[in-house]
Amino acid sequence: MYNVITASNLTLGNITCKKKMENSKEDYKIQSLDLETQKLLKTALKEPSTVDLEKVSNVIVDQSLKDQVFSKEAGRICYTIVQAEAKHNNGNVFRRNLLNRLQLEFVAREDTRLRSLQEWVCFVTFICNVFDYLKVNNMPMVALVHPVFDCLLRLAQPDSLNNEEEVDCLVLQLHRIGDQLEKMDGQKMDELFYLLRDGFLLQEGLSSMARLLLLEILEFRAGGWMLSDTAQKYYYSEVTD
């Protein structure tokens, strides 16, 4: 389908807080959406065959692109709809429409970044969230592997490394799905981390926060996608629960 896709210790508290938010029981509620959209999504979650699933996929993507909190939860919503559809009629209409829409957004990603950095970061968060949740035979969807890598590689370019919002997004996604991605394509992960290493060592003008984020993720992967107790204390010792 994707045929066109060939600082101080305290500052890292931002990452810790975001991780806790993503794991919090107080998940983002679709009740914050307008009533018509609420009804559409609630029906899709329970009886997907009774609604227009192309419209559902567009609603989820549109909301994800403008709402960073929703973009972190949308993968779970997509997973639930996919499971419900498979259970009711063994269909994959929603997944197909979702991937088609993601394809369109992926092709337009550079224009999106130039137009709105927030929308671009939301898109990367969303596609990584979908990659994390949607599986085929308990394996990540192959169709999403290279698009996700391409997005992360874009975040590792010099102009993006000079933007803390993009560096923060990159590091958060690697914490979430880095291990899964490496198992799918270790060579691509090496390519990504060569860029991050060179950026950390050679790029001038990086903020202290960006350098700290890059150092942490370099050490995170080197430790087998986990931090040693010593590193954990170093990066997060001043962060309160």
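## A buried aspartate and its partner

At 18% relative accessibility, Asp-132 counts as buried, because the cut-off for buried is under 20%. Keep in mind as you look around that this is a predicted model. Asp-132 has a charged partner: its side chain meets that of Arg-176 in a salt bridge, 2.8 Å from N to O. Asp-132 sits in helix H7 (residues 117–133) and Arg-176 in helix H10 (residues 164–184), so this pair ties together parts that lie 44 residues apart in sequence. Arg-176 itself counts as partly exposed, at 23% relative accessibility.

Why can such pairs form? Side chains of opposite charge can pair when their charged atoms come close.

## From H10 to H12

Helix H10 takes part in another link of this kind. The side chains of Glu-182 and Arg-221 meet in a salt bridge with an N to O distance of 2.4 Å. Glu-182 belongs to H10 and Arg-221 to helix H12 (residues 208–222), so parts 39 residues apart in sequence are tied together. Glu-182 is partly exposed, with a relative accessible area of 24%, while Arg-221 counts as buried at 17%.

## A network of charges

How many salt bridges does the structure hold? There are 15. One of them joins the side chains of Glu-110 and Arg-154, at 2.9 Å from N to O. Here the linked parts of the chain are distant: Glu-110 is in helix H6 (residues 109–115) and Arg-154 is in helix H8 (residues 142–155), 44 residues apart. Glu-110 is partly exposed, with a relative accessible area of 31%, whereas Arg-154 is buried, at 15%.

Through salt bridges that share partners, Glu-110, Arg-113, Arg-154, Asp-159 and Glu-166 are joined into one network.

## A walk along helix H4

Now find helix H4, which covers residues 68–89. Its 22 residues reach 32 Å from the first C-alpha to the last, close to the 32 Å expected at 1.5 Å a residue. Where does H4 bend? The bend is at Ala-74, and its angle is about 40°. Ala-74 is also one of the buried residues of H4. Others on that list include Phe-70, Ile-77, Cys-78, Ile-81 and Val-82, along with the charged residues Lys-72, Glu-73 and Glu-85.

Both ends of H4 deserve a look. Asp-67 caps the N-terminal end, with a side-chain oxygen 3.0 Å from the backbone nitrogen of Val-69. After H4 comes Asn-90, whose phi is positive, near 55°.

Key
Residues are numbered from 1 along each chain as its sequence is written. This is a predicted model: local features need pLDDT of at least 70, side-chain atom pairs count only at pLDDT 80 or more; totals for chains, interfaces and linings use all residues. Side-chain values use heavy atoms; hydrogens and water are left out. A salt bridge is a side-chain nitrogen of Lys or Arg within 4 Å of a carboxyl oxygen of Asp or Glu. Helices (H or I, at least four residues) and strands (E, at least two) are DSSP runs, numbered from the N terminus. Buried means under 20% relative accessible area, exposed over 50%, partly exposed in between (1.4 Å probe, protein chains only). The expected span of a helix is 1.5 Å times one less than its number of residues. The bend at a residue is the angle between axes fitted to the seven residues ending there and the seven starting there. A polar contact is a pair of N or O atoms within 3.5 Å; within protein, one must be able to donate a hydrogen and the other to accept it, and residues adjacent in sequence count only if both atoms are side-chain atoms.
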